[in-house]
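Student: I have just been handed a protein model and would like to learn how to read it. Could you walk me through it?

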Amino acid sequence: MFQLWGFDLPAWSASLSRPNLGLNFNFGTKGEIDILRKHVAKRKEYWDRLLSSDSAWASARDNKRQNSLIKELCYLGIPSNVRGKAWPALLGNKLRITADLFQLLSHQNENDVGDKDGNFVHCEIIAKDVKIEEEFSKLYEVEKKELTTSESEKTILEDNSAEDNPTSKSTAKKIFCTESEKTIPDYGCMEDKSTSKSTAQKIICNKDSYLEHIRQDIPRTFPHLGFFHKGGPCEIQMKRILEGYARFRPNVGYVQGMSYLAAMLLLFLDEKTCFIAYCNLLHDHELYADKESMKKHLNLFEDLLEYYLPRIHKHFSHLGITPEMYALEWILTLFSSSLPLEAVARILDCYFFCDDRDQKQMFLWRSVLALLRLLESQLLSLISFSDALLTLRSVRDGIEEEALFDKLKATTISPRFYRNLKIKHKI
């Protein structure tokens, strides 16, 4: 017999490289992955070593082999009692948000006009909002320039589009349904770039609107848990985080569905750490930018669906089902309003591992494709619009977590194809 981590294994397993729980973990064999999958305590022990110091974490992320291990551990699922340290480490803090800034944003001035809940904000706070937004816009523009592909690179990509882009027809679709269809929630606070209002005007006009949306959404968030109900243990923290972010990014404000993202973070993080993580999370979540960007991304997904799941795409087209009827909510809430909590947490484990916006967005579309692939036989058997849409809007029921992640690992998107689609849709 051969011993690994104190467990007796068959003699043939002696050929496996013996891992060690230090930072020089020799990882990669199927046997080791299986052991990690079965023994959560071993995963926790390794995560504790990774997160023991900033230098240990930075060293592991910079090492190709150890970074591959971290990726695999994220797919297996970070132990719930480790996520409080692992999620902030994975997300980072590129915006350099501090606890003092959160205190400023969540603080209500003694001279504020309004009721005790701070429903109206003093003009001095509005002035601070404008200043914060101006500074954030400068930071965003610098980063945007760094990420912009040069014209020569675009030319090369376009020359390769015939090989890698199997779709050439226009994919313009109706993005927002009529009120009578009621297929997607009201994302009324989403910025519309067609307007020319100044930042200050947007803040003044939208403040009452987003405060009302926040008040309505908090008790609706994970209602079965009761944490965010009136008087619940997390209600006040959630309110401070959502309103604080709306002040930090007044051009975005609050969009219905954001409460689910904040709630998922609050289940594992303390309030101040949650706010820092929440700001950095939304900074890379492109679909919250504006309605025009959302339309482009949904059209891009239509092309991905047609190429990777042609039977489902054809079936949906026949039934009249479009991505905004199901994928929009999944993506905006990172599946937190649609899947079981542990499955959502594991998706966030993997999403937070991704290093940049493109990787994050590709992972989300892979997740949508994997979920549709898991439901493929069921969806193709449904011949009515209402039955298919009901199935898509109630995927929480009957989803097997491991089956979903097996599909996810087997679902890939060609990076070159994805870049070509971004050029095609001018994203």
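Tutor: Here is a short tour of this model, from its overall make-up to single residues. This is a predicted model, in which local features need pLDDT of at least 70 and side-chain atom pairs count only at pLDDT 80 or more, while totals for chains, interfaces and linings use all residues. Residues are numbered from 1 along each chain as its sequence is written, and side-chain values use heavy atoms, with hydrogens and water left out.

Student: How many helices and strands does the protein have?

Tutor: Helices (H or I, at least four residues) and strands (E, at least two) are DSSP runs, numbered from the N terminus. Here there are 22 helices and two strands.

Student: What share of the residues is buried?

Tutor: Buried means under 20% relative accessible area, exposed means over 50%, and partly exposed lies in between (1.4 Å probe, protein chains only). Of the 427 residues in this protein, 51% are buried.

Student: And what share of the contacts joins residues 24 or more positions apart?

Tutor: A contact means heavy atoms within 4.5 Å. Taking the contacts with a separation of 6 or more, 75% are between residues 24 or more positions apart.

Student: Which residues touch the most other members of the largest nonpolar core?

Tutor: A nonpolar core is a set of buried Ala, Val, Leu, Ile, Met, Phe, Trp, Tyr and Cys residues joined through side-chain atoms within 4.5 Å. The largest one in this model holds 110 residues, and those touching the most other members are Trp47, Tyr278, Phe301, Tyr326, Leu339, Trp365 and Leu372. Take Trp47: leaving aside residues up to four places away in sequence, Trp47 touches Trp57, Ile70, Leu73, Cys74, Ile78, Pro79, Val82 and Ala86.

Student: What does Phe275 touch?

Tutor: Phe275 sits in helix H13 (residues 271–283) and is buried, at 0% relative accessible area. Beyond residues up to four places away in sequence, Phe275 touches Ile97, Phe102, Leu105, Ile241, Gly244 and Tyr245.

Student: Now for charges. How many salt bridges does the structure hold?

Tutor: Side chains of opposite charge can pair when their charged atoms come close. A salt bridge is counted when a side-chain nitrogen of Lys or Arg is within 4 Å of a carboxyl oxygen of Asp or Glu. The structure holds 18 of these salt bridges.

Student: Which parts does the salt bridge between Asp355 and Arg61 tie together?

Tutor: The closest N and O atoms of Asp355 and Arg61 are 3.0 Å apart. Asp355 is in the loop between helix H17 (341–353) and helix H18 (357–374), and Arg61 is in helix H3 (residues 54–62), so this pair ties together parts 294 residues apart in sequence. Asp355 is partly exposed at 48% relative accessibility, whereas Arg61 is buried at 18%.

Student: Which residue forms a salt bridge with Glu342?

Tutor: That is Arg83, with the closest N and O atoms 3.1 Å apart. This pair also links distant parts of the chain, with Arg83 in helix H5 (residues 83–91) and Glu342 in helix H17, 259 residues apart. Arg83 is buried at 0% relative accessible area, and Glu342 is partly exposed at 35%.

Student: What about Arg346: which residue is its salt-bridge partner?

Tutor: Arg346 pairs with Glu402, and their closest N and O atoms are 2.8 Å apart. Arg346 lies in helix H17 and Glu402 in helix H21 (residues 401–410), so the pair ties together parts 56 residues apart in sequence. Arg346 is buried, at 3%, while Glu402 is partly exposed, at 37%. Elsewhere, salt bridges that share partners join Lys94, Asp284, Arg357 and Lys360 into one network.

Student: At what angle do the axes of H4 and H17 cross?

Tutor: Axes are lines fitted to C-alpha atoms, for helices over the stretch in contact, and angles run from 0 to 180 degrees between N-to-C directions. The axes of helix H4 (residues 64–76) and H17 come within 7 Å and cross at roughly 155°. That makes H4 roughly antiparallel to H17, since angles under 35 degrees count as roughly parallel, over 145 as roughly antiparallel, 65 to 115 as roughly perpendicular and the rest as oblique. From H4, Asn67, Ile70, Lys71, Cys74, Tyr75 and Leu76 meet Arg346, Asp349, Cys350 and Phe353 of H17.
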